Amino acid sequence: MANIQSNFAQSDAYLSALIREVHATPVAPVIGRRGFFKLAGAGAAGLVLGFQLGDAAFAAENDAAADGAIQTMNAFIRVASNNTITIYSKCPEIGQGIKTSFGVIIADELDADWNHVVMEQADINPKVYGSQGAGGSTSIPRAWDQLRQAGAGAKAMLIAAAAKQWEVDPRQITARDSVLTHAASGKSATYGSLAAEAAKMPVPDAKGLKLKTRAEYRLIGKGFHGVDDPKVVTGQPLFGIDVQRPGMVYATYTKCPAAGGKVRSFNVDEIKAERGVIDAFALTGTGLMAEAMPGVAIIAKDTWSAFQAQKKLKVDWDLSEASQDSTSRFSEEAKKIAMSFPQKADENIGDVDKAFAAAAKTVEAYYEYPFAAHAPLEPMNTTAHWHDGIVEMWVPTQQPDRGLPSIAKAAGLPEDKIVLHQTRVGGGFGRRLVNDYACEAAAISRKVDGPVKLQWTREDDFAHDFYRPAGYHQFKGAIDGNGRLDAWREHFITFTADGKKEASGANLTDNIKFSIKAPNLRRGTTMFPLRIPTGAWRAPGDNAQVFAEQCFMHEMSSVAGRDHVEFLLEAVNRDVPELAPKDKSVNFSPKRVSDVIKMCADKAGWGKTAPKGSGLGLAWCYSHAGHVAQAVELSVDANKRIKIERIVVVLDVGPIIDMTGSQAQAQGASTDALSTAMGLKINIENGRIKELNYNAYPVLRMPFAPMTIDAYFIQSDNPPTGMGEPAFPALAAALGNAIFAATGERVRRLPLRDLGYSLAI
Amino acid sequence: MFTLTVNGQSHLVDVPEQMPLLWVLRDHLNLVGTKYGCGVAQCGACTVHVGGNPTRSCQLTIGDVGTRAVVTIEGIGDAPNGAKIQKAWLEASVPQCGYCQAGQIMSATALLNSTPQPDDSDIDAAMAGNLCRCGTYIRVRQAIKNAAAKPA
Ligand code: FES
Ligand code: FES
């Protein structure tokens, strides 16, 4: 693996000033049809190229605004005369390595010397930067073409400058490691020495640029160190919680333990008299859980004083609209109604009843998984400073741009009066797609003189999450006379917040819809009303649904007496036109699925005979545009202690950009999935969350972590897709199938801890 | 008023004696590398060395620190094992979100201080208190072994 390390970001003052200017310009600079915009670029400034990054919706919006001619630039490359290349990255870093990957893609096409590349984080301004979310593993696919074009565009201008200077044909100039060479004349020059001249060259047409083929990549696919790692390992301030401002005070914000409760009154005098407390007040918020709910703010001299005072807080809650949800009741009721299939089917292909009547064999099973919290290690926080008519904020968020309107609403200010600085994020997993804590900080800051850091306690964090919803699946399947999957009936019991559609993260995913290809298929949904907020949780929907469905697939292949891998390959390659994705942009491919399954089976040693008490399980999923198969080899002792022998992950997510980062994501997601399947569960009683710290929510620890996880990548020429999520969903199913192989016991309920299983050291 | 020696520097701090060392470091000495994760000795993000021992700083009050020297992630690189561990961390690309890593590095350095050649069970025992929500355990283990294999 290449040992490549970038200089770690030194702030580029010139570029920062330039960006601020762009922010301040009432009419953003116009990019021509060519797709790039040349900025300033005189003398020492070198070549500064602005370009557009963003999703289709964002681009369309801008196109519509100006006849397709005006686009707003939202990303920047600077080639300085000292050879330093600065790249402004616009997406939040949440541990998935985006900051590194973006730089690698540009630098490869630019043929830059990676040792002279510096990455900078852009501030939040959707008007300037377009979509800035990091979620759903979408950052890379969206930006892939745009980043490569930008790198190629800057290179073309450097080459044009050299060609003019040397009076040679630009096509005869080659680029490598930030140096241009004309072999015939023996001339060569560094990018830095050409930067000022390059800035005077015409801007090339983005569409006309020739991009590299995969064989020509020099950086893409190699291993890279995270650009901020040197700061991480030396404890430099990076995260939201690390923000310090002169004169800063500290706040807690206490909401009703039962979601939706409102403050009637609280012991304000007592709280204000607590040591270190500066102020205490109630806020009504906006009344929306994704924004700011009613609560009590305590402002103190330091975090600990605020936490201490919070413990003394006594609030009289108005519970009239508060949650009374109970997870044990949901479980009971789901079980009761599971066999009553809803009248109205969401999907109805072929005729399941006829297939069941004609079946050689039928199988029925009921699966269940619980609510789960995100519990990222950095508890929610935001620093906000209301000054000069604006609120300036430092927010650790996955989705700053979408949060902006809510934050402005909570602050009671127009959007252009909110200035957001993005910080590194201590774990996302989907939690920080919602900006509730930032909304609270904005509202609090209006009542505080000077900067204030809102800090949630770990208990606040557990009690006010947007949980992965529980789910319940009643299946019935049919095997035909040839031992093939012939019918699949599924009653999915889930939750609704508004009484109309599924709550956030509670719908059957599309991926599931076209991955179970039974010629006779019927699916129906029952929804329980839910007051507790739910949300996206690493690989939303797939993270638990794949467990239920891929374990049930294994039940079917077992009953059919078939080899599971053969059964899976046969099923996914079945042609059921009604189940093919309608949206052309969906990249689901039975061929790619087959390839990952075959390779995974091969690497895991599928078909070898396992000793008694040992077993091998395999499952696959199509999740977030990635095609993935996972295998688990384990043994189980008489006390239901599971020893994980091996985990194999095979992914096809297109070409890999950063191999080190991709390996890390494959290992991390698999570890997270093992941890979640074994032990994680949120119980809710009378609207209150029961698990409020890690002692009750046993995230996997070192002694139980697998010694190795073998990740393999099938690198296809398809555009790259994200790595943050796909390696999660199939793991739990592979685990369940392996337990069956080892013991003959079916595990149909998560977490496995509830069934008496634990991991051996 | 307390006198506190952190990373070889002496500080005077005016805080209540019940305040945990974690918050003295973060809010009063501007040493924010030490992290808050749980406040109840469950996550290890707040691990520092006190008198040479790995300690959860969310559990130790300033009043109980006494005259013992405190070393944090900001200062651990000045000690040979700390520098070795940090380097091994970079080479193995351990961090994902990075939030737990200060605590992991402090625990790992303490392990090398007491057990220069740790085996897997030594690593399990020393690192069990440090949660990593991102699941970087495989690389943490590898980095510790790599560091131990390097000459002092
Ligand atoms: S914050 Fe001290 S152990 Fe978690
Ligand atoms: S790297 Fe994210 S918690 Fe460990």
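**Reading the labels in a predicted model**

Q: Why is B:Cys58 called buried in this predicted model?
A: B:Cys58 has a relative accessible area of 10%, and buried means under 20%, so B:Cys58 counts as buried.

Q: What makes B:Cys97 buried?
A: The relative accessibility of B:Cys97 is 4%; the limit is under 20%, and therefore B:Cys97 counts as buried.

Q: How many disulfides are there over all chains?
A: The count is zero, where a disulfide needs two cysteine sulfur atoms within 2.5 Å.

Q: Why is the pair of A:Phe588 and A:Tyr622 called edge-to-face?
A: The ring centres are 5.1 Å apart and the planes stand at 70°. Centres within 6.5 Å make a pair, and planes over 60 degrees apart count as edge-to-face, so the pair takes that label.

Q: What parts does this pair of A:Phe588 and A:Tyr622 tie together?
A: A:Phe588 lies in the loop between α17 and α18 of chain A and A:Tyr622 in strand β25 of chain A, so the parts joined are 34 residues apart in sequence.

Q: What makes the aromatic pair of B:Trp23 and B:Tyr36 tilted?
A: The planes of B:Trp23 and B:Tyr36 are at 50° with 5.1 Å centre to centre; stacked needs under 30 degrees and edge-to-face over 60, and the rest are tilted.

Q: How do you know that A:Arg746 lies over the face of A:Phe740?
A: A:Arg746 is at 3.6 Å from the ring centre of A:Phe740 and lies over its face; the distance limit is within 6 Å.

Technical notes:
Residues are numbered from 1 along each chain as its sequence is written. Chains are lettered from A and ligands numbered from 1 in the order in which they are written. This is a predicted model: local features need pLDDT of at least 70, side-chain atom pairs count only at pLDDT 80 or more; totals for chains, interfaces and linings use all residues. Side-chain values use heavy atoms; hydrogens and water are left out. Buried means under 20% relative accessible area, exposed over 50%, partly exposed in between (1.4 Å probe, protein chains only). Rings of Phe, Tyr and Trp (its six-membered ring) pair if their centres lie within 6.5 Å; planes under 30 degrees apart count as stacked, over 60 as edge-to-face and the rest as tilted. Helices (H or I, at least four residues) and strands (E, at least two) are DSSP runs, numbered from the N terminus. A charge sits over a ring if NZ of Lys or CZ of Arg is within 6 Å of the ring centre and within 35 degrees of the ring normal.
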